[in-house]
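Subject: Structure handover

Hello,

Here is the structure that is being passed on to you. Please look through it first; notes on what was found follow below.

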Amino acid sequence: MRDAGRLVAADAARLVPCLEDPIPGVVLVLVAGGGTIPASLVKAVERWGRLVDTAVGTGRARTQWLVDRLHDGPVRLDVRAATMLGSTWEGI
């Protein structure tokens, strides 16, 4: 879900049960975007999910962060795919 920072408390109240009792095989990805994610949803993600902070700066720091994640991840990308992913991230 993009721009999860635009959610209000009522939206979060509907999403929290999805984290408490997830549907097998379904992954919910929240991208903060602008605004602030409701506290109840942040707490639910911290309890039942995984928080990945991508606010790592720019330039070399950002590139190294991406290289580290790709190296440790379950998917192997060739150089062209990794470069494309990095350039897409720069546009966000």
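Does Arg14 count as buried or exposed? At 60% relative accessibility, Arg14 counts as exposed, because the cut-off for that class is over 50%. Please keep in mind that this is a predicted model.

Overall make-up

The chain holds four helices and zero strands. Read from the N terminus, its elements run α-α-α-α. The C-alpha trace spans about 40 × 30 × 20 Å along its principal axes. The chain has 92 residues, and 20% of them count as buried. Its accessible surface comes to about 7300 Å², with 59% of that belonging to carbon and sulfur atoms. If you take the contacts between residues at least 6 apart in sequence, 65% of them join residues at least 24 apart.

Helix α1

Helix α1 covers residues 9–20. Its 12 residues should span 16 Å at 1.5 Å a residue, and the C-alpha atoms at its ends are 17 Å apart, which agrees. Asp11, Ala12, Leu15, Val16 and Leu19 are the buried residues here. They cover an arc of only 135° around the axis, so they sit on the same side of α1. Part of what covers these buried residues is α2, residues 39–48.

Arg14, the residue asked about above, forms a salt bridge with Asp11. The closest N and O atoms of this pair are 3.3 Å apart. Both residues lie in helix α1, three residues apart, which is about one turn of the helix. The structure holds one salt bridge.

The loop and helix α2

Val29 is found in the loop between α1 and α2. Together with Val27 and Val31, Val29 makes a nonpolar surface patch of about 280 Å².

Arg47 has its place in helix α2. With a relative accessibility of 64%, Arg47 counts as exposed. Arg47 and Glu20 are 27 residues apart along the chain, and their C-alpha atoms are separated by 8.8 Å.

Helix α3

How many residues does α3 have? There are 14 residues in α3, and the helix reaches 20 Å from its first C-alpha to its last, close to the 20 Å expected at 1.5 Å a residue. The buried residues of α3 are Arg62, Trp65 and Leu66. These cover an arc of only 95° around the axis, which puts them on the same side of α3. On the other side of α3, the exposed residues are Arg60, His71 and Asp72.

Gln64 also belongs to helix α3, which runs over residues 59–72. Gln64 is partly exposed, because its relative accessible area of 42% falls between the 20% and 50% cut-offs. From C-alpha to C-alpha, Gln64 and Gly25 are 30 Å apart in space, and they are 39 residues apart in sequence.

Regards

Technical notes: Residues are numbered from 1 along each chain as its sequence is written. This is a predicted model: local features need pLDDT of at least 70, side-chain atom pairs count only at pLDDT 80 or more; totals for chains, interfaces and linings use all residues. Side-chain values use heavy atoms; hydrogens and water are left out. Helices (H or I, at least four residues) and strands (E, at least two) are DSSP runs, numbered from the N terminus. The expected span of a helix is 1.5 Å times one less than its number of residues. Buried means under 20% relative accessible area, exposed over 50%, partly exposed in between (1.4 Å probe, protein chains only). The arc is that of the directions from the helix axis to the C-beta atoms. Contact means heavy atoms within 4.5 Å. Patches are made of residues with over 30% relative accessible area and no salt bridge: like charges are joined within 9 Å, nonpolar side chains (Val, Leu, Ile, Met, Phe, Trp, Tyr) within 5 Å. Accessible areas come from the Shrake-Rupley method with a 1.4 Å probe; for residues, only the protein chains shown count as cover. A salt bridge is a side-chain nitrogen of Lys or Arg within 4 Å of a carboxyl oxygen of Asp or Glu.
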